[in-house]
Amino acid sequence: MLFPPVCGGCGKAGFRWCPNCQGRIPRIAEPFCEKCGTPVRKIGLCEKCQLEPPAYRLMRSWAVFDFPIQNALHTIKYRRNVGLGDSIASQMVNFVRSLQWDIDIVIPVPLGRKRLKERGYNQVGLVARPLAYELGLGYAPKALWKSRETRSQVGLTISQRRENVSQAYQANPLAVARKSILLLDDVATTGSTISACTDALLSAGVREIYALTIARALSHHDLNRV
Ligand SMILES: [Zn+2]
Ligand SMILES: [Zn+2]
């Protein structure tokens, strides 16, 4: 508290999330896949969703994983910046409302036990909790957990990523059965973590899953079109 806050996006002093950064959130340009939200060439479903429709109802991302949101997520993840998490959640509320999803509770994608012990907190929760609060929804961070450790997904191919997180999550039926869930993650790359969590939640009897990520990593090819 001895130092003034600096903006989690650009480092400007005196702000935790400055107006400049708030005004330049890189959004995912239309058209995007109606199901998974990934950029596509023409309106409809992407190839992946046509071949193998995901088990969740819909997935969307608020921003492209790029400046300044990339820095903000890094700050939340490694510096436990609770105030920045609150600011990001506040800014996401209108976007989430505009989706008109019928949701009962918000659940953050959980960390493994080992990572949680190292870091001391789940960075996704720093946004998920205030987001649930502002939306007037229940928050159930313990309803879904990681039941086995997995390798980092960085550097793995799509099929390796899927294999890595397959059957890695479990959900508590007492907490989620017949409920409609907003599943929140910080960054989506291939969506394999979201799919693995979706499998666990469906096994526990949830009614519907809406997946949301704060940001989505896009390939250079996709970025050029945004
Ligand atoms: Zn800034
Ligand atoms: Zn798709």
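1. How much space lies in the largest pocket? In this predicted model, the volume of the largest pocket is about 1,200 Å³. Its lining counts 49 residues, and those closest to the centre are Lys48, Pro54, Tyr56, Thr190 and Gly191.

2. Several secondary-structure elements contribute to the lining of the largest pocket: α2, α7 (158-165), β5 (169-171), α9 (192-203) and α10 (220-225) each provide at least two residues. The largest share is that of α9, with 7 residues. By residue class, the lining of the largest pocket has 23 nonpolar, 16 polar and 10 charged residues.

3. The second largest pocket holds about 980 Å³ of space. Lining it are 38 residues; Lys77, Arg115, Gln123, Gln153 and Asp186 are the ones nearest its centre.

4. For the second largest pocket, at least two lining residues each come from α3 (69-79), α5 (113-119), α7, β6 (180-188) and α9. Here α3 gives the most, 5 residues. The lining of the second largest pocket splits into 13 nonpolar, 14 polar and 11 charged residues.

5. The zinc ion (ligand 2) is held at 2.3 Å by the SG atoms of Cys33, Cys36, Cys46 and Cys49. The angles among the 4 donor atoms run from 105 to 113°, and the site is tetrahedral. The sequence spacing of the donor residues is C-x2-C-x9-C-x2-C. Cys33 and Cys46 both lie in the loop between α1 (19-22) and α2 (47-51), so this pair ties together parts that are 13 residues apart in sequence. Cys33 and Cys46 are both buried.

Methods
Residues numbered from 1 in each chain as written. Chains lettered and ligands numbered in written order. Predicted model: local features only at pLDDT ≥ 70, side-chain atom pairs only at ≥ 80, totals over all residues. Heavy atoms only, no water. Donors = N, O, S within 2.8 Å, 3.2 Å for Na, K, Ca; no water. Tetrahedral: all angles 85-135°; square planar, octahedral: opposite > 155°, others 65-115°. Helix = DSSP H or I, 4+ residues; strand = E, 2+ residues; numbered from the N terminus. Buried < 20%, exposed > 50% of the residue type's maximum accessible area, 1.4 Å probe, protein only. 1 Å grid on protein atoms, 1.4 Å probe; cavity = no way out; pocket = protein on both sides within 12 Å on 5 of 7 lines; lining within 4 Å. Points joined across faces, edges and corners; volume = space filled by probe spheres on them. Nonpolar A, V, L, I, M, F, W, Y, C, P; charged D, E, K, R; others polar.
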